[in-house]
Amino acid sequence: MIFKSDKWELDTERITVTNLENGRITAFHEDFIRYHLHYREEYSPELLQKVVNEGIVLQHLEDLAINVKDKIEEQKELLLNEDKAYLVALESGNLLEVGRIANAYKELAKESVYASMVYV
């Protein structure tokens, strides 16, 4: 779906924001941006149109990308610091186990962050 104002265009299929005055196209490649836009498109398209009309759509998506990545990392670190197996693997230098546990917690962190930041 395309949301458009005099100056901006948001394409939720291509996940791009176009400045119609200078033709500059900004593409977003993070899956969670796509999920967020499709969620908003279905449940509150008027909010997407509002950020386009106000000219803050690009800043909104850039801020979302930064904040989601930061929160996933913070949540993952909290989980890792409480996991005894991770701490033992880290101390013993077992990098394969460290990576395995860290990846599992990153996926777990994504679930909670997406629920509170992406699907809203």
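Visitor: Which residue does W8 stand opposite in β3?
Guide: W8 stands opposite N19. Keep in mind that this is a predicted model.

Visitor: How many bridges do β2 and β3 have, and in which sense do they pair?
Guide: There are 4 bridges, and the pairing is antiparallel.

Visitor: Zoom out. What does the sheet look like?
Guide: It is an open sheet of 4 strands, ordered β1-β2-β3-β4, with antiparallel pairing. β1 (2-4) and β4 (25-27) stand at the edges. Each has a single partner strand, so one side of each has no neighbour in the sheet. From one strand to the next, the twist averages 15°.

Visitor: How is β1 tied to β2?
Guide: By 3 bridges, in the antiparallel sense. The hairpin joining β1 to β2 passes through 3 residues.

Visitor: And how many bridges join β3 to β4?
Guide: 3 bridges, with the strands running antiparallel. V17 stands opposite T26 of β4. This hairpin has 5 residues between its strands, and G23 takes a positive phi near 80°.

Visitor: Which way do the β2 side chains point?
Guide: W8 and L10 point one way, E9 and D11 the other. All of these are buried. In general, side chains in a regular strand alternate between the two faces of the sheet.

Visitor: And in β3, are those residues buried or exposed?
Guide: Buried, all of them. T16 and T18 point one way from β3, while V17 and N19 point the other way.

Visitor: Switching to helices. Which strands does α3 lie across?
Guide: α3 lies across β2, β3 and β4, at about 45° to β2. Helix α2 (residues 45-53) lies across β1 and β2 and runs at about 40° to β1.

Visitor: How far does α3 reach?
Guide: 36 Å from its first C-alpha to its last. α3 covers residues 57-81, 25 residues in total, and that reach is close to the 36 Å expected at 1.5 Å a residue.

Visitor: Which α3 residues are buried?
Guide: V57, L58, L61, L64, A65, V68, I72, K76 and L80. As background, an α-helix has 3.6 residues a turn, so residues three or four places apart point the same way.

Visitor: How many residues are in the largest nonpolar core?
Guide: 23 residues. Those with the most contacts inside it are L10, V17, I33, V57, L61 and V68. The elements giving two or more residues to this core are β2, α1, α2, α3 and α5 (95-118). α3 gives the most, with 7 residues.

Visitor: What does V68 touch?
Guide: F32, V113, Y114, M117 and V118, leaving out residues up to four places away in sequence.

Visitor: Why does T12 count as buried?
Guide: Because its relative accessible area is 0%, and buried means under 20%.

Visitor: What does its side chain do there?
Guide: The T12 side chain makes a polar contact with the side chain of E41, at 2.4 Å. Beyond neighbours within four places in sequence, T12 is in contact with M1, F3, L37, H38, E41 and L48.

Visitor: One more. Where is H36 found?
Guide: In helix α1 (residues 31-43). H36 counts as buried, at 1% relative accessibility.

Visitor: Which residues does H36 touch?
Guide: H60, L61, L64, M117, V118 and V120, not counting residues up to four places away in sequence.

Key: Residues numbered from 1 in each chain as written. Predicted model: local features only at pLDDT ≥ 70, side-chain atom pairs only at ≥ 80, totals over all residues. Heavy atoms only, no water. Expected span 1.5 Å × (residues − 1). Buried < 20%, exposed > 50% of the residue type's maximum accessible area, 1.4 Å probe, protein only. Polar contact = N/O pair within 3.5 Å; in protein donor to acceptor, adjacent residues only side chain to side chain. Contact = heavy atoms within 4.5 Å. Pairing = 2+ DSSP bridges. Axes fitted to C-alpha atoms, helices over the stretch in contact; angles between N-to-C directions. Core = buried A, V, L, I, M, F, W, Y, C linked by side-chain atoms within 4.5 Å.
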